[in-house]
Amino acid sequence: MKEFFIKNKWLLFALLGLINATSFIHNALFFISWFSLSPFMILIEKESRENTSKRLFFHVFSFYFTFYFVVYNFFIALYPMDFVGLGHLSCAIVLLLGWLILSVFHSAFVAFFTFLALKVKINRFCKFLAIGFVFIAVQYIQSLGKYGFTWARFSFPQVFFLPTIQSASLFGPYFIDLILVLFNVLVAMTYITKKKIYPFIAIIIFVLNLTFGLVNMTSTVTTSRERDVVIVQGNVLENEKWRTRSSFSVYMTESEKVKNSNSLVIWPETAIPTYLNTSNLALSKLENYSLETDSDMIVGAFYLGNTGREYNGAYYIEDGKVTNDVYFKRRLVPFGEFLPMRKVLSAFDFLDAINLFSSDLTPGTDTNIMTTKYGKIGTLICFDTIFSSLARESAKDGAELLVAITNDSWYKDFPAVYQHNSHSKWRAVENGRWVVRAANSGISSVINPHGEMISSLPPLTKGTLKEKVYFISDTTLYTKIGDVILIPVFLYLIFYFFPIKKAFAKRQKH
């Protein structure tokens, strides 16, 4: 076996990438992230001194491609996509191509900069730091722009052991990435040098972070300004969902079963798959329900603007009237809610078929905080929840409660459903807010500011969930300062790739 891997080292690096991804597969494997980068750092640094540039890059790419390919396994759950009219074989080919392209794009990006870091002549410790910091920096860059996607953030699996992520309330999710990278660097240096100082520092970092987390989780959660919420989970599957009457009827029927009055009733993303602001009949029924039950509502539905632009929105109904506080989804799903480079790609019928709409939806541009009698509500729709910056913007703009509405029926009962729900746990911890999550087919949940799931409805079930939540006005340090922890990461990489001594050398020549 040893000889086999020596002859086929790319397979060894692919195996290391697989190990690095296993912490995303099952929540009990979260601890692997504390060690999974170390063997890669040790072996790839050695490779950089022994192999050609071409082979070195291929080995780095093998590691990251396997990592991303395994983490992006949610493509499997999308099959067979009957609702877009593709045949099973065509669907399988399209999904495999999408899976490969996304994995290649993300892995090639980080592999390229890791390769450059390995070519710099410097001591191992600094090189190991650069490898880890490149991973953090690239994953941040991958979250930016209309095509941003940040599903595979290195520290994400730590959400399955909540004490380790409580410090995200101080410096955000990338701070946890930084802690993990430093720990892996110190483990690698321990293996190479056998010096006791490295494990000593690693233990201190781990203990300090864990201690803060445990202390924070024992602190009392604010319980002022409580509000009863009722989450309605209709479990309307994709082949039925886009029939407006069917979906609306299901959600109306389930809501009418709730006898409790004076609650905030929440329907998930596009529970009404039409323009609610132009549908007088649906509006009338919702407003009557609000009056009769003395309840307020947040309802997911489309919105048609005056200029003809279409939005994926969340409406707020209070005292039997739809208010002007309509939130528009800020991060749209490529190939779902808009077709990238439509003028070019619309020529390919299969790509146009995957996109759910004949024209592109328009993204929202601000937080559109909902002002209620009980406090201010910040809304996130589906894809929004995986971006820490969006929830932070809402909290910074005054949101005292976060409501996330989504439609995850595409993924049925696949791991992606559980992972998507866990992103809301991160948002709760980062901003110190209660998060109410309403999902069409699950998981609907209520999450406290420590990231603990108080109650939930499982996937692929129909029903309602009633719980008490609380409006919180205090803001976390992260909400105030944002991702400033990335500044030293980028500064280190700038000085690593463009050393100060080179700048001084050039000045001396002149």
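These legends walk through several close-up views of a predicted model.

Residues are numbered from 1 along each chain as its sequence is written, and side-chain values rest on heavy atoms, with hydrogens and water left out. Because the model is predicted, local features need pLDDT of at least 70 and side-chain atom pairs count only at pLDDT 80 or more, while totals for chains, interfaces and linings use all residues.

**View 1. The largest nonpolar core has 93 residues.**
A nonpolar core here is a set of buried Ala, Val, Leu, Ile, Met, Phe, Trp, Tyr and Cys residues joined through side-chain atoms within 4.5 Å. Buried means under 20% relative accessible area, exposed means over 50%, and partly exposed lies in between (1.4 Å probe, protein chains only). Look for Phe40, Tyr64 and Tyr72, the residues with the most contacts inside this core. Helix α9 (residues 173–193) supplies the largest share of the core, 12 residues. Helices (H or I, at least four residues) and strands (E, at least two) are DSSP runs, numbered from the N terminus. Apart from this core lies another, of 26 residues, and Ile298, Tyr316, Val436 and Leu465 are among them.

**View 2. Tyr72 and its partners.**
Leaving out residues up to four places away in sequence, Tyr72 touches Trp99, Leu102, Ser103, His106, Phe149, Trp151 and Ala152. Contact means heavy atoms within 4.5 Å.

**View 3. Helix α7 (residues 124–141) against α9.**
The axes of these two helices come within 10 Å and cross at roughly 155°. Axes are lines fitted to C-alpha atoms, for helices over the stretch in contact, and angles run from 0 to 180 degrees between N-to-C directions. α7 and α9 are therefore roughly antiparallel to each other. Angles under 35 degrees count as roughly parallel, over 145 as roughly antiparallel, 65 to 115 as roughly perpendicular and the rest as oblique. The crossing of α7 past α9 is right-handed; a crossing is right-handed if the near helix is turned clockwise from the far one by less than a right angle, and left-handed if anticlockwise. On the α7 side you can pick out residues including Phe125, Phe128, Leu129 and Phe133, which belong to the set that meets α9 residues including Leu178, Val181, Leu182 and Val185.

**View 4. Helix α3 (residues 37–48) on α7.**
Here the packing angle is about 120°, with the axes 10 Å apart. That makes α3 oblique to α7. This crossing, too, is right-handed. The contact is made by α3 residues including Leu37, Phe40 and Met41, and by α7 residues including Arg124, Lys127 and Phe128.

**View 5. Strand β1 (residues 226–233) between its pairing partners.**
Seven of the eight residues of β1 are buried, so the strand is largely enclosed by the rest of the structure. Two strands pair if DSSP finds at least two bridges between them. With strand β14 (residues 463–470), β1 pairs in the antiparallel sense over eight bridges, and Glu226 stands opposite Tyr470. With strand β2 (residues 264–266), the pairing is parallel over three bridges, and Ile231 stands opposite Ile266.

**View 6. An open sheet of six strands.**
The strand order is β8-β9-β10-β11-β12-β13, with mixed pairing. β8 (370–371) and β13 (453–457) are the edge strands, each pairing on one side only. β8 and strand β9 (residues 376–381) run antiparallel and are joined by two bridges; Met370 stands opposite Ile377. Helix α16 (residues 388–396) packs on the sheet, touching β9 and β10 (401–406), and its direction makes about 165° with that of β9.

**View 7. Two cis peptide bonds.**
One runs from Tyr79 to Pro80, with omega near 10°; Pro80 is in the loop between α5 (75–78) and α6 (88–119). The other runs from Gly442 to Ile443, with omega near 0°, and Ile443 sits in the loop between β11 (435–439) and β12.

**View 8. Positive phi at Phe335 and Lys412.**
Phe335 has phi near 65°, a positive value in a residue other than glycine. You will find Phe335 in the loop between β7 (327–328) and α14 (342–345), where it is partly exposed at 32% relative accessibility. Lys412 is not a glycine either, yet its phi is about 50°. Lys412 lies in the loop between β10 and α17 (415–431) and is partly exposed, with a relative accessible area of 37%.
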